[in-house]
Each structure stands twice: as C-alpha cells, then as structure tokens.
Amino acid sequence: MSFGKGLFIGHWVTLRRFLRTFLLGAGRTLKRRGGGHQILDLWFGDKERGSQPTIQQDARTEGLFTVEYPDERLPVYERFRMLPVLVYDDADGNVRCTSCNICAKVCPPQCIWMTHAAGPTGSPVPLPEDFFIDMDVCMNCGLCSEYCPFDAIKMDQNFELSNYERHQTHIYSMQDLLVSSEYYAKTHPDAWASADEVTERGKVQKKKDQRLQKALAATKPAAVAPKTAKV
Amino acid sequence: MAITTEPRPEQTIIRPEWMTVIDPDLQRELQQVVYTTTWQKLVGIGGMIDTVYNWGRRSSLWPLGFGLACCAIEMICTASSRFDIARFGAEVFRGSPRQADVMIVSGTVTKTMMPMIARLYDQMPEPKYVMSMGACASGGGPFKEGYNVVSGIDKFLPVDVYIPGCPPTPQALLNGLIMLQKKIDGEKLSASPWYRGEVERDVPIPVLGPDLIDLRTLEITAERTAAGLVEAREATLVKPPKIAAPQPEAPAAVDVPTPQPADGAPKPMSKLDMIRAKAKNLAEPNPATTEATSPNADAAAVPVPVKDTGKPAAKPGKKIKTAEARPSLVWLGNAGLKDLEGRLNAEFGEGTATIVMAALLIPTEKLLAVANYLRHKNPIKYDYLTSLQSVHYEDCIEVNYHLDSIHDPGKLIELRVRCAEGEGEGRIPSVVSVWRGADFQEREVYDMMGVRFVGHPELQRILMWEGFAYYPLRKDYLEPYYEGPTKVLDSRIEDGQHFRAEEISPHGTNIKIPKGYNGWKTLDPGDDTKGKYLLPSGAEVSELDTDQFIVSMGPQHPSTHGVFRMNLRVDGEMIVGLKPVMGYMHRNHEKIGERNTFLMNFPFTDRLDYLTSMANNFGYALAVEQLMGDDAKVPERAEYIRVIMAELTRVASHMWSIGFLLNDLGAFFTPALYAIEERELILDLFEWASGSRMMCNYFRFGGVAFDLPKGWIERCRDIVYDRLDRRIDELDRYLSGNEIVLDRCKGIGVLTAEQATNLSTAGPVLRASGVDYDLRRASPYSIYDRFDFKVITGKTGDLYDRYLVRLLEMRESVKILKQAVRDLPEGPILPGKKSYQIKVPAGEALSRTEAPKGELGFYVLSDGSGSAYRYHVRSPSFINLTALEQMCLGHTIADVVGILGSLDIVLGEVDR
C-alpha cells in the first residue's frame, strides 16, 4: 500500500465536488440567487431575478443548495412553529380567545398567563383581560395551539425576532400577540381550510348571528328581516 | 418593534401589525438605490474611520467554538454548507477564546458551567460581543425552574443580541448575526469602552459553593441566607406529596410502620390492598370510611396524596385504576418470577426474595449474594444490568435494578432494594463488583437521592458538584423557583402586570442556600469543586523515567461533543488514568418531569438527545402507553409513521456521528459537512410533518400528533429510495477503506464482548463488540417484528467496528424505511379524540427502545394522579461513558478524542 494515497484521494474528492457544483449549476448557481438587486448585477436584464425568495430543492437534485439568507429563505412549512399568537377575527375585530385557560394548563414550561375579563357588573366575560407569554420561557412546542378548543392561539412562523434587549420586550402582552384571522389564513392555508376549523368558525358565526338577531328583535320588533353577517 | 423586511410578493407574509405601510415600489427603490448616510459620516475624518473600522470588524466576526446545548447543533448547522455562515465572514469558529471576538451562548446555561463561561468571556480580547441564542440562554427557557439552571446569561455577562426561539433555526441565528452587525455599524471609535483604561469589562468568576454564588452580590446573599428567607417562604408552600412504598403480598414481611388513624377509625386499606381488592372484583373500600379518617390516614390509604389547596387530584377516596404489574412489556413473566423467587429462597433462606409488584424485593444485606447468584449460577444468566434508578417513598428509598440476559434476551426482571428514607441515611451495598455498569448509575443515585453505596470504589457526586447543599431528587427538596407540587402553577399576573419567577425567590435569582451555611469566607473562584475529587490514579509505567501529568480536557473543548470534561493522567503520551467529569449540562429533566403532567413531558424529552428527538418521543410514549394499556392502543397508520420517524432519526443521527467522528480524527469539518447534508433533508421532513426541525414533539400517547401532510410521503419516498443509499455508499467509499481512517481506528479503544456487556454499554457500542443485542429484536416493541432487517454486529469492538456498525446500521434503517413507506396504511392516527387530560393508571413501567445511541429507557412510576411520581431516563450516552476509561487506557490523548467520538455521546442525554 502506497503511503499517503488517502491524502490525495481526499483532496481529489473535495476538488471534484467543487468543480461538479459549477457543472451541475451550469450558470444557474449565480442566477438562482433571489433577493434584491445588487449594484453590480450581471443579470440586470433579467426581470425575474430577485423575486424567488424561497429555495425548494427537488429531492433528485444532487447535493444541497445553499440558502442565501436573508436574500433567500427556506420555504416555510405550514406547521412550522415559533412563538404563539392570538387570533382575532377580521370581520368584527373580536378576539377568539375566551380565556378558558386550557393553553395555560397544557403549557409545559408554564409561560402563558391570563386573566378573565369582567363585565361592568363584575360578571365574567369570556374574553381575556390580560394575556402574557414569556418568550424567554416558551419552548415553541405548540401544545397550546394544538389543544385550544377555539382556534384562538396559534403558532406564528416569524422567526426574525432578534433584538438588543429582553427585559422590556420579551414578555409579550396581548397587544404584541394579536394577529388578524386574515394573516393566520395566509400563513396556515391548509389548517384554515380544514374541516375542523371551518366547523368551528361556523359555530362561532352562528352564535354571533343568534345574538345579533336577539338584539335586533329586542330593539326593533317590527323591522325587516335583519341582515346576517356573511359566513 | 419594527421589523423591516424586503417586500416579497405572495411568498413571505409579514404580520400587518408590525409593518409600517410604505408604498412597495418606493421601498424597493429606496433599498436598491439610495444609501442613506451623512456627509459627516461619509467624508469626515472621524466618520470615515469609524465606517471602515466597523465594516472591517463586523465582516469578520470570529465566533468562539463553543456550544452548550441543543442550540449549538443549530449553530453547527448554520456553519454547514446549507446556511453557510461564511457568507458573513463568521465561519472561523475558534477553539480558543483568545482568538475569538463573539461568543454565541448557544443553549442552557447551567450553574455548573457558569464559572467556565465567565472564564472564557474574560479571556476573550476586546472588543468582544455576546449573542444569547435561544430561550434558555436569554432567560432560562423551559428549564428555568430547574435547580441547576442560570436564569439568563445576562445575569453574568453583558449581552448584545438576543435571539428568541427554542431553538432558533439557523436562519434565525443569521438574523441575529445581522442584528449584531448593525449594532457594530453604529459604534464609534472615540466612544468605545475597550480603549479606555478605566473601564473594567471583565466579570468576576462565580463560585460553586453550596449553590452558584455571584461574588458581586456575596454580602446580600449571605444576609438573606442568614435571615432564612428561603426557608420561611418554603414553609408556606404545598410540598410534593410522598406515597407509601408498595408492600409484598405476605403480610408477615411488613415491617414498615404505617401511620395510625388518629381518631380510632377503622384502619384504612393500604394501596396494595385496594389494588388487590379491585383485582378480585371485591367491593371498593367504603368512601365514607376513608373520608372519616384523618388526613394522615388518608394519605396512607390512597396513593393520590392529599394536597391542602384542593388541587384537582386531591379528592379522597377517588377511584384509582391500576395498570398491570410488569416491569416492562417484554419480561420474564409471573410464572418465571415465582420460580425464581422460590429458587432464591431455597438458596439463601426464606425471606430473601419477595414478589412486590412483579419484582423481587431483596433485603439489603443479601443483595450482593443474590446479584452474584443471578449473574453466575442462575439458569438464565443475568449478565446485563439494564437500568438502575431510585424512588423516594414515604417510608424508604427504593433502588430498582432492571436485569436482562444478553444471550437469552427478553427475560427482564426487576429487583427492589430498600433503605432508610432520611437524608443521607440510606446505605446499600454496591453491585459494581458484579456489574460494572452500575458505577455511574449508583453515583447518580447517590448524587440525586443521597443513598450511599457501600463498597463503591469512588462514590462522588456525578451531576452536581461536591459541596452542593442538597440531594435534589428527594421529594422534600424544593427548588428556588418552586411554586407547587404539580403544574398548573398559580397565576403570575398581579394588577395587570406579569412578573417573572425571579421575583418569587428571596434571592431574586435561582439560588437557595441552607440557613446555617457559614463558609462564606472560604469561597474561592479558583476552586474546582466539580473536578478536583475525580483525579485519576494511574498505574506506574516504569519503562521511561517520566513524570505523570494530570490534564483536564473540557468542558470547553471542540472535540468533547459538548460540555463534557475528562481528567486524564498521562505518562508521557500514554493515558494511564481517566475520569469523566460531567454534569455541566444537567438541566434537571427528571425533577421537572415529576412536576409536569404526562403530556407536558413530551417536549422535554425532545431536549434529551436533541439529535434524535423523534426516538426520545417514541420511548417516552411507549412507557406511558404501557401503563395505559388498551386506552392507548396505537392504530396501524400511527405505528408505521412512528417507525418511519424513528428510522429517519437513526439515519440522521448516525450520519452526524460518522461526520463528527472524522472531525475528531482530525479531518476538520469537511467530512462532517458531507455527512450532514442528507440530515438537512431529513430535518426538512420532520419540520414539514411536526413543525420543528429538531424539537419535533410529534408523538402522543396512542399515536402521533398530526397526520402526514399532503406530499410528505412522496418526498420521503424520493429521499429514502433515491438519496440515502447513494449518500451511505459515498461515505462507505470514501471512509471505509481510507488509510487514515484505518490507521487511526483499527485496534484502538477495544472493548471485548464480555467487557461491553458487563459495563452495560448499549447500542452500536455493544454490538460493535460482537454482541447480538438489538432491542428491536431482543425485546420487540411497536411493529419492528414485521420488518426484515439484520442486526449488525462487529468483531473486535474497536473504533473502526463502531464506525462500521453505524454505517451498516444506516443501510438496515433504509431497508426498514423502504418497507414502511411502501406498506404505510391509511387510517386514523390516534385511538380516540385528542385530549390533554390523560388518565394514567397507577403502576410502574420501563420502556426499552433502541434509540440511535443505544438503549433508551423511560422509567415511569405513576400514582394515578396527573403527573408521574417518579420519572427517570435510562440514557444510553450516560451509561456508555462508563466504558470510556476502560477503552482509553494505554492510548494517547489523540486517540481518546476518537474513542469519545465513537461512543457518540450527546450531552443533553448524558447530563439530562
């Protein structure tokens, strides 16, 4: 056995790989780059360039693409979870949360805290008064959203959360947590369209309609048939 | 908070609440063309210098090659070819703090590790920056309530950038790095503190005394300790309840005092009596009688403890279901155990063995004789100590020994040995002379419960440090942040404001020191309480007249796979003694697990061996399912999904392991980059199905959390059929015959079959020594009996064999995957409706699964309440380390690194 052959083989493997990368890319490697334009851009005529922000690799393509974050990103899978958010309905601005406390009960590191809202007479209202999540304790496990019976707490997909300070900013209050249902529908299209959530939304809508009818009936007994909100 | 992101039509969605609405065309124009700056900054002398100075520094940040926990794996992925941190000029991870200027605190900061981190920080030259990566580093994270966790690195070091997430993905880390660059851009040479002599930027090294003591606040800590504030607070809290130990069938053997009913009510039935009554379909004990007795008697009568605040589980006389008594799913069986009991009683006299809950209760003084008999003379030779753990009961501390036979597997038995309950009073003979694998496990019991093992060669604390004031797993130890015996904890909202756990501790941080402590004067930052009692005593090698040196390697070392430390004694180049020092990542998994509900433990198991979260989920699910019995019958589809996930994990883990073995052999990072490429694709699959790359939290009792998304199985099929084989072939081609690999691996770190068995090693390490013991075959679980695969064994048990076993095992995994993907049926994924309220019958279970690192066991003792009474992890990485000294003796330090690499430890699992 000739001594030192392994060393050359090793270098050859790396070199071949290096060259093959260019061959495989065949010009696409540089062109593929997404994100914004640069001052010096060899493909300045290409209108499409810079508008492919995510990199989804075909399983058959050899090797592995480098994701040039922040210009490109990995595709965000629908179930990808970072921090929890609270959803409110766009149509009427109502917060879905009823402060039933189940998310706080299943939270493994106990980072969710909330209090009931109270009506003017002191009677409990199914809405949260305060809602806090400590982001320095949250373990992004998603159990809260999994077991929420009202589809109110969901896992956000935004991971770009770095900041310079934690004591003022890392306990999220309700203002920081609220997102619109429109936003949620965009980030979680499959879940939004799933049978469970559609039924749940229908139920809530029905309840709201009933309440509306009741209110209308009480104020204007002889009015024309009240308009129901769009389901 | 303003998050500005480049406009991305359709694909990226930005939360509208966080966005200032700008005309997208205008914004694009601004970003492309306009560079906002001032003339002063551009051409002014000072401004120009600042710009260049900052540009130079921010574009070549050299991070310290330093990882603490799970986040470190994501940090390594960031440096790998997919995310390529080199694009930011930050790829030069330095092993020495003196060459680094940014410290990425990636993972849980433990008290044991904190002095080292402070030391590393002090050694870094100015200007230096600290990035706190992940929830743990920022504020303690999910482990914050643990007794060995620092609640945030900012308690000691000045932090520049926080990156939330658990763990932050590589992209999130890059985002943090960009934030740091922005910060550097804003700095001024004239105002930089590091050129001013009067600014002291070093941090004092904290001391490991009775707890982690910050010398800056020494006086106030001493004052508060002397005032007994912690004890005063604890007096007002509800303590974790203790249950009585199960008693044998024969009433004659009962010699433990049972609490007497105070008011002369009829003596309540003991737990076991109740169980037996139920088994015989007798009437339940009259609830009225039970309720009439004093609370004290109640506690004895019902395993569900009485908690005086009326927690949900505290209904006296509540019916408690019991699980079938069996130590594990596959075991000797009742008849066999009865035989064995008779045999032992005949051999050593009546009363030697008594059956208690399908295990043999052995008196302390006869333990060694029985152990020797079982190992050598019994027809089934119990030569393999699977697991050893302890339970703190009301009346005793029980140590459990789970034994199996290597050559006749599937005949698992359990021994129980009991000793005095009082703190530091328990004495039990050590079985190290019979099974050397008991070494670390006994030390762990000593460390956590205070039981002394008589005859143990080196009974030192293993996870905590010598001098830590408490035995943390005892039920009467309350952590500094303790709030209640079980979760859910009380509200932390006061007047519309949220307060943190720090505010409930009198010290304002996670420390607790006994009131009487008076050694304040002797606290010395230079004192190595963790390692100084673990000095190896090596044999004299007299050929050369050399001095012997003690080298402390780790806990901060690029090749110890985390915060692991070895005290080596070298004679010249040769290792003559080695003592592992661990516990630098002890995150109190078990203590937290006993407060969690059963469901809550899932995401915590992810963080044990953070490379194989799916396999950990699997093991834990099996343990609890064993107790739940038919309530958690796993549907077909879920079984297949579980196997697919577990085997994908095995491939990913072995690839990582092989890549980093090469790293340890000196081929720095290039082979690792090759090896972990496919792992990224597997992680994509995990993220797609479960929502997270590493912390999958995907299994549920009786199934899995979600069904596979559309398109998942097709992609998985593509990867399994097309890619994995090719990559394994490639590794095989490059490495198996490579002369450097052969040279460095052949004949190094040999472990014979007998040694490997005796040392309780498991997984690839055991099989490389030629022992055909794979739990998927030896103690079948799930549906592994349906798949066609080979158990790979090695011949010599050297480093090369361990490498080869892993490589070939990947092929077998791919074989299983192909079958599973092909046969995956349609159907439900959970037996019933998804519910967070899980009823687990009282009983004891040990699940045994073949995780990528070896035998992963979860010991769960349930008292019928919402959380486990005792929760223990039999972690393969921890127990495999028992064999480290044996393998390293006579080799050089360079070989030790390789040997450690071939053990494939993950510190999250070693220290838990």
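Predicted model: local features only at pLDDT ≥ 70, side-chain atom pairs only at ≥ 80, totals over all residues.
Strands are DSSP runs of E with at least two residues, helices are runs of H or I with at least four, and both are numbered from the N terminus. Two strands pair if DSSP finds at least two bridges between them.

Strand 21 (residues 854-862) of chain B pairs with strand 22 of chain B in the antiparallel sense, over six bridges. Here B:Leu861 stands opposite B:Arg870 in strand 22.

Residues are numbered from 1 along each chain as its sequence is written, while chains are lettered from A and ligands numbered from 1 in the order in which they are written. Local features need pLDDT of at least 70, side-chain atom pairs count only at pLDDT 80 or more, totals for chains, interfaces and linings use all residues, and side-chain values use heavy atoms, with hydrogens and water left out.

**Chain B as a whole**

Chain B holds 31 helices and 22 strands. Of its 912 residues, 63% count as buried. Buried means under 20% relative accessible area, exposed means over 50%, and partly exposed lies in between (1.4 Å probe, protein chains only). Take the contacts in chain B between residues at least 6 apart in sequence: 73% of them join residues at least 24 apart. Contact means heavy atoms within 4.5 Å.

Chain B exposes about 32300 Å², and carbon and sulfur atoms supply 54% of that area. Accessible areas come from the Shrake-Rupley method with a 1.4 Å probe; for residues, only the protein chains shown count as cover.

Strand 10 (residues 413-419) of chain B has seven of its seven residues buried, so it is largely enclosed by the rest of the structure. B:Ile413, B:Leu415, B:Val417 and B:Cys419 point one way from the strand. B:Glu414, B:Arg416 and B:Arg418 point the other way, and they too are buried.

Strand 7 (residues 359-362) of chain B pairs with strand 10 of chain B in the parallel sense over three bridges. In that pairing, B:Leu415 of strand 10 is the bridge partner of B:Leu360. Strand 9 (residues 397-404) of chain B runs antiparallel to strand 10 of chain B, joined by seven bridges. B:Glu398 stands opposite B:Arg418 in strand 10.

Helix 14 (residues 367-377) of chain B also belongs in this picture. Its buried residues include B:Leu367, B:Val370 and B:Tyr373. The buried residues of helix 14 pack against several elements of chain B, among them strand 7, strand 9, strand 10 and helix 13 (334-348).

**Backbone details**

| Site | Feature | Value | Loop in chain B |
|---|---|---|---|
| B:Glu126 and B:Pro127 | cis peptide bond | omega about -10 degrees | B:Pro127: helix 5 (114-123) to strand 2 (129-133) |
| B:Lys487 and B:Val488 | cis peptide bond | omega about 20 degrees | B:Val488: strand 12 (452-454) to strand 13 (493-494) |
| B:Phe669 | positive phi | about 70 degrees | helix 19 (636-665) to helix 20 (670-675) |

B:Met357 counts as buried at 18% relative accessibility. B:Phe669 counts as buried at 16%.

**The interface with chain A**

The contact takes 103 residues from chain B and 89 residues from chain A. Together the two chains bury about 8200 Å², 56% of it on carbon and sulfur atoms. Buried area is the accessible area (1.4 Å probe) that two parts lose on being put together, summed over both.

Six salt bridges are counted between chain B and chain A. A salt bridge is a side-chain nitrogen of Lys or Arg within 4 Å of a carboxyl oxygen of Asp or Glu. A:Arg166 forms a salt bridge with B:Asp154; the closest N and O atoms are 2.8 Å apart.
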